[in-house]
Amino acid sequence: MPTVEIEGRRVALSNLDKVLYPATGFTKGEAVHYYAELAGSVLPHLRDRPVSFLRYPDGVEGDRFFAKNVPPGAPEWVTTTDIPHSGGTSVRHVLLQDLPSLVWAANLAALELHTHQWRAATPRRADRIVFDLDPGTGAGVLDCRTVAIWLRDRLATDGLTALPKTSGAKGLHLLAALEPADSARVSAYAKQLAREAERAMPELALHRMNRALRAGKVFVDHSQNSWSKTTAAPYTLRARGAPTVSAPVSWDELAAAGTEDELTFQAADMAERVRRHGDLLAPLLAPGRASSLPEPAG
């Protein structure tokens with residue numbers, strides 16, 4: 001098994017020629033290269049956040065494994081942390097804090113990286129709010145854009161600055177930086193706004209998860225603000241037919257898009273895109289850019 005030295009750490013690599021995306025021939029070696037090349041943008045959004053892996057050791061058409069616990073055989077230099085769970089138990093999670101750890105995870109075929117809205121030092125204290133805009137049958141990402149713009153403007157009335165990214169699947173994600181707040185309060189606020197969106201656009205927006213209601217509409221998924229839920233991280237690969245990416249986009253870019261293809265990004269697009277635009281989600285991480293959650297009405 002070959003090993004490489006990265007920042008003083010020896011990282012074992014295996015089966016780099018294995019095809020993980022059969023429709024395009026994208027290999028595990030290309031996945032490792034993608035994460036290594038984009039590390040400067042990926043790692044700041046992972047720092048100090050427990051990571052859950054979606055692993056596809058036999059490719060996106062094979063079995064998948066959702067892993068919150070530290071995988072067996074993890075090198076001792078990979079940072080881990082115990083997170084309290086219900087019933088007095090705790091789960092030991094991985095923190096991907098550096099390039100060697102990110103490459104190690106990619107070599108596990110951990111194609112998708114998902115994180116909570118809080119950091120390991122302060123579980124249940126969210127420092128961002130997220131909305132996952134998921135189109136039902138007959139709707140698409142351009143319909144998600146309409147809902148996203150409404151939510152952006154509504155959040156702005158409460159002093160929150162929302163930034164968009166593609167989900168890498170069918171929809172969009174909106175994120176806004178918060179002064180740390182109890183996840184239950186953030187969840188309640190997000191649900192309130194999802195309901196408001198449905199009232200404002202009953203023909204398009206839906207806040208209920210019932211799939212029977214979703215044809216032609218955009219589900220405003222507020223549930224990922226729960227302390228126990230995770231969301232696809234910025235720049236993560238997605239396990240679709242092609243190696244699509246959950247890619248940050250600008251509001252101008254979103255407004256100008258005329259087709260869904262213009263809002264679909266693959267791994268091969270991202271290095272040049274970051275060179276051209278920088279990290280469009282960097283304001284989420286900037287000191288002083290977080291806003292306080294509004295006080296509950298009433």
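Predicted model: local features only at pLDDT ≥ 70, side-chain atom pairs only at ≥ 80, totals over all residues.
**Exercise 1. Determine how many of the eight residues of α2 are buried, and what they pack against.**

Solution. 
Step 1. Six of the eight residues of α2 (residues 39–46) are buried, so the helix is largely enclosed by the rest of the structure. These are Ala39, Ser41, Val42, Leu43, His45 and Leu46.
Step 2. Their packing partners include the helices α1 (28–37), α3 (99–107) and α7 (267–277). The strands β5 (51–55), β9 (110–115) and β10 (125–135) also pack against the buried residues of α2.

**Exercise 2. Describe the surroundings of Ala39.**

Solution. 
Step 1. Ala39 lies in helix α2 and is buried, with a relative accessible area of 7%.
Step 2. A contact means heavy atoms within 4.5 Å. Not counting residues up to four places away in sequence, Ala39 touches Pro44, Leu99 and Leu102.
Step 3. Tyr235 is 196 residues from Ala39 in sequence, but the two C-alpha atoms are 9.3 Å apart in space.

**Exercise 3. Work out how α1 and α3 are oriented and which residues join them.**

Solution. 
Step 1. Axes are lines fitted to C-alpha atoms, for helices over the stretch in contact, and angles run from 0 to 180 degrees between N-to-C directions. The axes of α1 and α3 come within 9 Å and cross at roughly 155°.
Step 2. That makes α1 roughly antiparallel to α3; the classes are roughly parallel under 35 degrees, roughly antiparallel over 145, roughly perpendicular from 65 to 115, and oblique for the rest.
Step 3. On the α1 side, Lys28, Ala31, Val32, Tyr35 and Ala36 take part; on the α3 side they meet Leu99, Leu102, Val103, Ala106 and Asn107.
Step 4. The residues of this contact divide into eight nonpolar, one polar and one charged. Ala, Val, Leu, Ile, Met, Phe, Trp, Tyr, Cys and Pro count as nonpolar, Asp, Glu, Lys and Arg as charged, and the others, Gly among them, as polar.
Step 5. An α-helix has 3.6 residues a turn, so residues three or four places apart point the same way.

**Exercise 4. Compare Arg124 and Tyr235: where are they, and are they buried or partly exposed?**

Solution. 
Step 1. Arg124 is not a glycine but has a positive phi of about 70°. Tyr235, also not a glycine, has a positive phi of about 75°.
Step 2. Arg124 is found in the loop between β9 and β10, and Tyr235 in the loop between β15 (231–232) and α6 (251–256).
Step 3. Arg124 is partly exposed at a relative accessible area of 37%, whereas Tyr235 is buried at 1%.

Key. Residues numbered from 1 in each chain as written. Heavy atoms only, no water. Buried < 20%, exposed > 50% of the residue type's maximum accessible area, 1.4 Å probe, protein only. Helix = DSSP H or I, 4+ residues; strand = E, 2+ residues; numbered from the N terminus.
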